[in-house]
Amino acid sequence: MECLRLQFKAPTAHYRVPFTYKVRQSYPIPPYSTVIGLLCNVLGIGETIDAFLSQPFGLYIAGRFQSLTHEYTWLRNMKQEEHIKRFKDRSRREIDQVPEHPGGQVPVTLDVLNEVETVVYLIHPCREILMQIHDNLFYPEVWLSHLHLGRSEDWVVPENISVVTPLPSLEVEPIWTKDRGYYYWLPYPEDTWELDKWGNRKEYEELFRKAMGTPQLVTALYRKVEEPKGNGEFWKIRNFNHIRAKICSGQVPLVEFGSLPKVLVDPDPELMLPIFPACILWR
């Protein structure tokens, strides 16, 4: 099974956990939707992006960081109706004789990851698309915008891109089970890319059950839909489908006494990462 491995580094990153607001928590690695956005950015051309997203493909994400800090900032609302709602008049900007920003403001704390490393494995049935991403990555003139994961200010630098052929775990030394400090998404068996072709479903189900991690619904692909506001107007929102997965780290557990699960492993001696690709498709 041939796949494209992309490695990125960034000085900072924030991968917002949905529904966190005043304290905006971050995942330790980007969700699938964030990486898909970067890959579409690299492809650049609308027709190629459509061809990329129209077919089911496998995606695995791992990453690590050196430290976590907190940023304190303000969210501001510039809508006129919100300004009037708070200040009662368009020309006022004071509350209790204290001037405020137009529209009002809310203090927000953000988790920020520092010195971030991300590794992405992409498996796609169309090899031409893999080669297009490979060729485009170092040619910014074809991108839709600068390369970033998460916030637009969190620029990423491509460190390496390679075509690799993962090996069955039974054919490599068990060093791949070692904890190297990486976090990774472990998809639910039914959301895993072609599990029956490279793994053992019963073993994988036991691995998913035993792996220490927090279950998540991880955003993947989306379509824009319109929802009524109730006053004759409509919101245009992103309607995501999700991958059921755990956010995991640490050593890969045994599935039985003295028995490791059958998985895919990157043969690169500097990485030797186990690969658990999620199946990305329109649901």
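Phe138, Tyr139 and Val142 make up a nonpolar patch on the surface, and together they have about 290 Å² of accessible area. For patches, the residues must have over 30% relative accessible area and no salt bridge; like charges are joined within 9 Å, and nonpolar side chains, meaning Val, Leu, Ile, Met, Phe, Trp and Tyr, within 5 Å. Accessible areas come from the Shrake-Rupley method with a 1.4 Å probe, and for residues only the protein chains shown count as cover.

This is a predicted model, in which local features need pLDDT of at least 70 and side-chain atom pairs count only at pLDDT 80 or more, while totals for chains, interfaces and linings use all residues. Residues are numbered from 1 along each chain as its sequence is written, and side-chain values use heavy atoms, with hydrogens and water left out.

Tyr139 sits in the loop between α4 (127-136) and β8 (157-164); helices (H or I, at least four residues) and strands (E, at least two) are DSSP runs, numbered from the N terminus. Tyr139 counts as partly exposed because its relative accessibility is 48%. The classes are buried, under 20% relative accessible area, exposed, over 50%, and partly exposed in between, with a 1.4 Å probe and protein chains only.

Now the chain as a whole. The protein chain has 6 helices and 15 strands. Its C-alpha trace spans about 70 × 40 × 35 Å along the principal axes. There are 283 residues in the protein chain, and 44% of them count as buried.

Which residues have the most contacts inside the largest nonpolar core? They are Tyr32, Leu59 and Ile280, in a core of 45 residues. Helix α1 (residues 32-43) gives the most to this core, namely 8 residues. Another core lies apart from it, with 31 residues, including Ala62, Val119, Ala211 and Cys279. A nonpolar core here is a set of buried Ala, Val, Leu, Ile, Met, Phe, Trp, Tyr and Cys residues joined through side-chain atoms within 4.5 Å. Leaving out residues up to four places away in sequence, Leu59 touches, among others, Tyr32, Val35, Ile36 and Leu39, as well as Val120, Tyr121 and Leu122, and also Phe276, Pro277, Ala278 and Ile280.

On to charges. A salt bridge is a side-chain nitrogen of Lys or Arg within 4 Å of a carboxyl oxygen of Asp or Glu, and the count by this rule is 13.

Arg64 and Glu117 form one of them, with the closest N and O atoms 3.0 Å apart. Arg64 is in strand β3 (residues 57-64) and Glu117 in strand β7 (residues 105-123), so this pair ties together parts 53 residues apart in sequence. Arg64 is partly exposed, at a relative accessible area of 28%, whereas Glu117 counts as buried, at 16% relative accessibility.

Asp191 and Arg244 form another salt bridge, the closest N and O atoms being 3.1 Å apart. Asp191 is in the loop between β10 (183-187) and α5 (195-198), and Arg244 is in strand β12 (residues 234-249); the pair links distant parts of the chain, 53 residues apart. Buried or partly exposed, which is Asp191? Asp191 counts as buried because its relative accessibility is 4%; Arg244, at 37%, counts as partly exposed.

The pair Glu206 and Lys210 has its closest N and O atoms 3.7 Å apart. These two residues lie 4 apart in helix α6 (residues 201-210), so about one helical turn separates them. Glu206 is partly exposed at 24% relative accessibility, and Lys210 is partly exposed at 33%.

Last, strands. There is an open sheet of 3 strands in the order β9-β13-β14, with antiparallel pairing. Its edge strands, each pairing on one side only, are β9 (167-168) and β14 (274-275). Two strands pair if DSSP finds at least two bridges between them; strand β13 (residues 264-265) and β14 run antiparallel and are joined by 2 bridges. Val265 stands opposite Pro274 of β14.

How values were computed. Contact means heavy atoms within 4.5 Å.
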